[in-house]
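Here is a short report on one protein chain. Please look over the sequence and the structure first, then read on.

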Amino acid sequence: MNMELVTPRQTYNTVSAYAPPQGCEEEEKDRFWTQLGAILDSIPTSEELIVAGDLNGHVGIERDGFERWNGGKTRGNINEEGEQILNYAMECDLALVNTFFTKSDAQTYTFKSGPNQTVIDYIGIRRESISKSKVCVK
């Protein structure tokens, strides 16, 4: 889903995304990334872009080769789906902005089930816009 907000000074596009979870067929995952790409390709680069959602992967704290897109201020280790997320972020030059700010555990984890907690929700913005971002939690 894409929502466009037009103001006198700027147009903002917010794209909500839900990636197929672990265990789904690769074909379904590929279809998701292709469809997301089609949406992002339709948004002019002159407009602001926010991609937010449950991307069902762990990008991890290690940033090797992905420093431009992963701030490393997250939790855990990368998994296969996280690699897919980072490769997509690199391809589209999207910074996963919620990995660039230090936050408490309660503010970082986006999924909790019993004793398990993890980060699978991300907010991606055009990398050139990261200087406009700031954390608004204490």
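The report goes from the overall build to the sheet and then to the helices.

**Overall build**

This is a predicted model. The protein holds three helices and seven strands. Along the sequence they follow the pattern β-β-α-β-α-β-α-β-β-β. The C-alpha atoms fill a box of roughly 45 × 40 × 30 Å, taken along the principal axes. The radius of gyration is 15 Å. A compact globule with 138 residues would have a value near 14 Å, so the protein agrees with that expectation.

Strands of a sheet pair through backbone hydrogen bonds, either parallel or antiparallel.

| Strand pair | Direction | Bridges |
|---|---|---|
| S1 and S2 | antiparallel | five bridges |
| S3 and S7 | antiparallel | five bridges |
| S4 and S7 | antiparallel | three bridges |

S1 and S2 form a hairpin, with four residues between them. Within this pair, methionine 3 stands opposite threonine 14 in S2.

Move on to S7, which covers residues 121-126. S7 is joined to S3 by five bridges. Valine 51 has glycine 124 in S7 as its bridge partner. S7 is also joined to S4, and these two strands run antiparallel. Which residues of S7 face alanine 95 and leucine 94? Alanine 95 stands opposite isoleucine 125. Leucine 94 stands opposite arginine 126.

In a regular strand the side chains alternate between the two faces of the sheet.

**A helix on the sheet**

**Two helices together**

H1 also meets helix H2 (residues 80-92). Their axes come within 12 Å and cross at roughly 25°. Angles under 35 degrees count as roughly parallel, so H1 is roughly parallel to H2. The crossing is right-handed.

Which residues make the contact between H1 and H2? On the H1 side they are Glu26, Lys29, Asp30, Trp33, Leu36, Gly37 and Leu40. On the H2 side they are Glu80, Glu81, Gln84, Ile85, Tyr88 and Cys92. The residues of this contact divide into six nonpolar, two polar and five charged.

**In brief**

How values were computed: Residues numbered from 1 in each chain as written. Predicted model: local features only at pLDDT ≥ 70, side-chain atom pairs only at ≥ 80, totals over all residues. Heavy atoms only, no water. Pairing = 2+ DSSP bridges. Axes fitted to C-alpha atoms, helices over the stretch in contact; angles between N-to-C directions. Parallel < 35°, antiparallel > 145°, perpendicular 65-115°, else oblique. Left-handed = near helix turned anticlockwise from the far one by under 90°. Contact = heavy atoms within 4.5 Å. Nonpolar A, V, L, I, M, F, W, Y, C, P; charged D, E, K, R; others polar. Rg over C-alpha atoms; globule rule 2.2 N^0.38 Å.
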